[in-house]
Amino acid sequence: MPWLSTLMGVSVLGALGVTLVRNDKLAKQFTLVVSLIVLALTVAMAVQFSPNGDKFQFAETYDWIPAFGVHYGVAVDGIALVLILLSVILVPIVVLASWHDAEAGKRSVRTYFSLLLVLEAMMIGVFAATDVFLFYVFFEAMLIPMYFMIGSYGGAQRSYAAVKFLLYSLFGGLLMLVAVIALYSIAGKGTFMFTDLVGTIQDVTTQKWLFLGFFIAFAIKAPLWPFHTWLPDAAAQAPAGAAVLLVGVLDKVGTYGMLRFCLELFPDAAKFFTPLVITLSVIGIVYGAIVAIGQTDMKRLIAYTSVSHFGFIAMGVFAMTTTAGAGATLYMVNHGFSTGALFLIAGFLIYRRGSQYIADYGGVQKVAPILAGTFLVAGLSSLSLPGLSTFVSEFMVLTGTFQRYVVPSVIATVGVILAAIYILWMYQRTMNGPTAESVKSLPDLNAREKWVVAPLVALLLVFGFYPKPLLDVIHPAVQDTLSSVSVTDPQPAVPVAQEGQ
Amino acid sequence: MEPAEIIQHSGGAIGAAWLMIALPLVGAAVLLLGGRRTDKFGHLLGVLMAVASFVVAALSFVQLLGFAPGERRRGIELYEFIPGLAKMGLLVDPLSISFCLLITFVGSLIHVYSIGYMAHDPNRRRFFAYLNLFVAAMLLLVLADNYVALFVGWEGVGLASYLLIGFWQHKPSAATAAKKAFIVNRVGDFGLLIGIFTIFATFHTLAFDGVLANADKASSGTLTAIGLLLLVGACGKSAQLPLQSWLLDAMEGPTPVSALIHAATMVTAGVYLIVRSGPIFQGAETAQIVVTIVGVATLLAGAIIGTAKDDIKKALAGSTMSQIGYMVLAAGIGKAGYAFAIAHLITHGFFKADMFLGAGSVMHAMNDEVNMRKYGALRKVMPVTFVTFLIGYLAIIGFPLLSGYFTKDGIIETVMEHNAVLGWLAVLGAGITGFYMSRLVFMTFFGAKRWEPTAHPHESPAVMTWPLIILSIGAIGLGAFLVLGNRFMTFLAPAVGAPEEMPAFHPFSPTGLATLALVAAGAVFAWLKYGRAEVPALAPRGSFLTTFARRDLYGDALNEALFMRPGQWLTRLAVFFDNRGVDGLVNGLAAGIGGTSGRLRRVQTGFVRSYALSIFLGAALLAGAWLVVGNL
Amino acid sequence: MTTHYLVLSALLFAIGGVGVLVRRNAIVVFMCVELMLNACNLAFVTFARQNGNLDGQVIAFFVMIVAAAEVVIGLAIIVTIFRTRRSASVDDVSLLKY
């Protein structure tokens, strides 16, 4: 069964269907049903995935533009699979969360939900693409629905934010296009298929240039310091649901691309640029956290925490140890859940009070204990409290990085302290203390909102104590990636014999 | 004597040791998720889960005693936690079971006490949920068989502590104190985390089994680094210098919390970590020296802070810091000190919980007044509280034959043998303890009434006094039971090792006599100043030293000057830089392009003739260029 | 022989060009454009004759057709402009700028 095409097909057909529905409420319900069907199909696919089987599974390859060797090629390995899972889990949650978000928009409610489903198809496509050209197409096409979601349904500064987002991404994307074409012609294989291109570029100087073309695009997308300033604007202006998909999934394409394309296609260049990337990541971790502390706007604050978290992910990718790589991949998934929860609950809060500013709140815990409690859980996941899944990934990234790069890892660990400051200070200012006059009559979470938050919190908790199912899928894929870069894990100073290892 | 091997175990109470953690965790989950539906029976469920956990611990203890001493380290594998890094497993051995018994027993009593103490709080259910969460996390901390699981528990107790300090979150001071506790603890965790990374990089395993048995194979430099990093973690959690500042503020929490978390159990986690990681410290002499110095410095600092506080809970908190300083000091000595450190930890858990709950009982009677200058003469109206508090007091100052006499003097004697300077400083600390604890008792229970007019003190209900009575029994007899005949040292030996020669007990050694004399002097001095003399209602200005102690040795001022203000400055700078620098650069580029095109568009004048002219000129230019190039 | 035709063609083209650049009356500008087109036609025809094939002649026909079409549309525009603004000066129709 062509699983991946089916997934995308269902989403696209759903998107078309939504535009035909006349009634807004029906359109929402229809979108929710479609996204749940996609989720169910993906889960059905995921259980058939065998972690230790072929690298790429569920492969489908058809010629698309034979003259240039462009294919419609999709398949997943462990890394892509967990990211697709992340996307399809987040979409129904976002649909449910943005039930009323689109009503104040410039365009119709139907369009919003239709765009959501189009975006879902593209998110699946971008992670599944095994043809570099196809990847590029999805990489750029994803911008369009997101541009309209920010530009038509966002806050007061939405046009500025949407255009900034689009220009940044396009700039990176065009650099990547140049690199993609150069890769095609220099490799001289007459094909854009990823597996055929691995190992074709031997010349180190060429590798470096092509690496930069890809890397800058991904660094803008991720975003790494100093390419990050579009994110706070876009995330703060986007409706909460779109912000979740933007930060939770779209940005992951950047870090995913680093792991998949930058490392495997240009191993020598990747090793050459590792010090640079690690430095940028560490700066991003500390800098993002410090700037987050100083924010007065809740959504901007959360966006800056993500800048810090993306630093961790990029560091883990380029540390090139199995632990760090697997940790970074897991981090991508967990960060989606954690930041998703944080954005959505902050969105609920903002929807009630109509202000994004922290100073406009105070003492919400007293009037809306469930909202406050779930906000705290989401916040704690952002500061990687053990017992929540983000801890596992952050711990793995730091442990793995420490094996090879001691000083960056130590500096990055400072982020752990700073995270406690930005989250708890925000929590204290919004939820604790005497109840502010303006929030006295704030209602607590309603049933729909509880259904939004519950799966996220459950996922955070379950994977916090039992991350094995995800890691079992991720580990072989990361090992495979690292072996194609031909690096091996550092050996311990004192080898301890252990059974089963 | 070296620690024994770990034997994999299943079956019996030990095989079900995970229930100890799971039961209170389920309790917490039910109470938090159940919402208001569980308000009616929330406190009962909380108590039930804590007691059930104690029952499992007691059964495990009995089963453990059934094994030969060399077979008393039992490992239980639960499941694979992080593949390649750590399994989730438990280690039931004499050390962890001692902690389990302390945590679940004292914890259960405090649960019971809280039924009365929190009876009028609308959020009592949530309080019990957090208490249960704490017990679960604390048990995971001590039962874990590897550093990752330990860290999970370690942060779990931090979370519970955060939630409970800030339990009355509508008070800004409570919310701030909770946040401060968490953040200062995170600074400690920073050290602990890097310590764990170093351990993994060195040994490629995080199981106690693999790490501690092979510690002697690592270089002493590595071990020193690991030891010092673990110590940073221990300092954070156990409020040792220089990360002590959060503990005094943590007294914002409800008193049972102060008793359970910030006196009896959580704050001793640092001592546990040092003792558990014994083989690492034994291979790193420098680290051990630093541990003892931190211990001595904190025991003096805590005692000095205790002398100047008028807030009864803060005085007790200073005392807690000081007593944990003793434990850390003992733990820093190595095998000779471990048993005394843990024994003092256990007796301290009893008598300090006793005193904190006693203080809670007093506050309960005095409309939540904490200022001792407004107490006085309470011994008549609260006889049970008074007697139990008095027992705790006598135990902590080391009154002969009570618990503290055996365990604290044991530490002082051991330290004296190890290093005379540290030993005499510890004796001095005991003298100050005698002073400030006597001051506290005299100000609270003796002298004249200085009550607020609205205060109508009364004895607390039985649900609060019975835990006091049980704890004070422990404060009387536990020390003798543990120390006499080296009973506890022998029991602990399979887990942490023991010195080649067991120490003999000297009832009237010169050190012991000197300690007693100093303690007596301190008590007499306190009697002169606070028992016989009138206690002024407002604190006198006092000398420079008093101010120094009142301001917590300027610890907060130092933190503010060194970290908080530069931090705020840095934050503002970074935000400014991000908006004007990084974003400014990008927006500047955009504005530059926009400006240039704004100027360039002026060329489009709208006059057809000028367009035609530019076409002609362009054509002429092209033709000219072609001619020139063509002729080259 | 050819040279004479070409010189004439160049002269006509130059006259037309100068006319386009300096005259303000739209009709005159228009006539000058026609003059330039016809100068080109002359050059095409000259070369066609010199090279002995019909390509140039054919192109000249195309140019004439284009010129005719242009006249139709152009004159219509000019007349409309004149009707609305009572003026046929090209400088007055400079609104489509910046």
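In the predicted model, A:Lys164 is buried, with a relative accessible area of 7%, which is under the 20% limit. Its partner in a salt bridge is B:Asp583, and the closest N and O atoms of the two side chains are 2.6 Å apart. This pair crosses between chains: A:Lys164 belongs to helix 7 (residues 158-187) of chain A, and B:Asp583 to helix 24 (residues 555-600) of chain B. B:Asp583 has a relative accessibility of 8% and therefore also counts as buried. Across the interface of chain B and chain A, 2 salt bridges are found, and the pair of B:Asp583 with A:Lys164 joins residues of these two chains.

The interface itself was described by contacts and by area. Contact between the chains involves 68 residues from chain A and 56 residues from chain B. The size of an interface is often given as the accessible area lost when the parts come together. For chain B and chain A this area is about 5100 Å², with 69% of it on carbon and sulfur atoms. On the chain B side, the most area is lost to chain A by B:Gln169, B:Arg186 and B:Phe197, which together account for 13% of what that side buries.

Over all chains, the structure holds 24 salt bridges. Side chains of opposite charge can pair when their charged atoms come close. Within chain B, B:Lys180 forms a salt bridge with B:Asp249, the closest N and O atoms being 2.9 Å apart. This pair links distant parts of the chain, since B:Lys180 is in helix 7 (residues 172-203) of chain B and B:Asp249 is in helix 10 (residues 245-249) of chain B, 69 residues apart. Both B:Lys180 and B:Asp249 are buried.

Another salt bridge in chain B joins B:Asp310 to B:Arg373, with 2.8 Å between the closest N and O atoms. B:Asp310 lies in the loop between helix 14 (285-308) and helix 15 (312-333) of chain B, and B:Arg373 in the loop between helix 16 (335-365) and helix 17 (383-397) of chain B, so the pair ties together parts that are 63 residues apart in sequence. B:Asp310 counts as buried because its relative accessibility is 14%, and B:Arg373 is buried with a relative accessible area of 3%. In chain A, a network of salt bridges links A:Lys55, A:Asp77, A:Arg260, A:Glu264 and A:Asp480.

The search of the whole structure finds 52 aromatic pairs over all chains. In one of them, the ring centres of A:Phe194 and A:Phe261 are 5.4 Å apart and the planes stand at 85 degrees, so the pair is edge-to-face. The two residues come from distant parts of the chain, A:Phe194 from helix 8 (residues 194-197) of chain A and A:Phe261 from helix 12 (residues 252-265) of chain A, 67 residues apart. A:Phe194 is buried, at a relative accessible area of 3%, and A:Phe261 counts as buried at 1%.

A:Phe214 and A:Phe266 form a tilted aromatic pair, 5.5 Å centre to centre and with 50 degrees between the planes. Because A:Phe214 lies in helix 9 (residues 204-221) of chain A and A:Phe266 in the loop between helix 12 and helix 13 (267-293) of chain A, the pair ties together parts that are 52 residues apart in sequence. A:Phe214 is buried, with a relative accessible area of 0%, and A:Phe266 counts as buried with a relative accessibility of 0%.

Ring pairs also link A:Phe56, A:Phe135, A:Phe139, A:Phe194, A:Phe214, A:Phe218, A:Phe261 and A:Phe266 into a cluster. A:Lys221 lies over the face of A:Phe139, a member of this cluster, at 5.0 Å from the ring centre. A:Lys208 lies over the face of A:Phe272, at 3.8 Å from the ring centre.

Helix 17 (residues 369-382) of chain A has 14 residues and reaches 20 Å from its first C-alpha to its last, close to the 20 Å expected at 1.5 Å a residue. The helix is mostly covered, with 10 of its 14 residues buried; among them are A:Leu371, A:Phe375, A:Leu376 and A:Leu380. Just after helix 17 of chain A, A:Ser384 takes a positive phi of about 55 degrees.

Methods. Residues are numbered from 1 along each chain as its sequence is written. Chains are lettered from A and ligands numbered from 1 in the order in which they are written. This is a predicted model: local features need pLDDT of at least 70, side-chain atom pairs count only at pLDDT 80 or more; totals for chains, interfaces and linings use all residues. Side-chain values use heavy atoms; hydrogens and water are left out. Helices (H or I, at least four residues) and strands (E, at least two) are DSSP runs, numbered from the N terminus. The expected span of a helix is 1.5 Å times one less than its number of residues. Buried means under 20% relative accessible area, exposed over 50%, partly exposed in between (1.4 Å probe, protein chains only). Rings of Phe, Tyr and Trp (its six-membered ring) pair if their centres lie within 6.5 Å; planes under 30 degrees apart count as stacked, over 60 as edge-to-face and the rest as tilted. A charge sits over a ring if NZ of Lys or CZ of Arg is within 6 Å of the ring centre and within 35 degrees of the ring normal. Contact means heavy atoms within 4.5 Å. Buried area is the accessible area (1.4 Å probe) that two parts lose on being put together, summed over both. A salt bridge is a side-chain nitrogen of Lys or Arg within 4 Å of a carboxyl oxygen of Asp or Glu.
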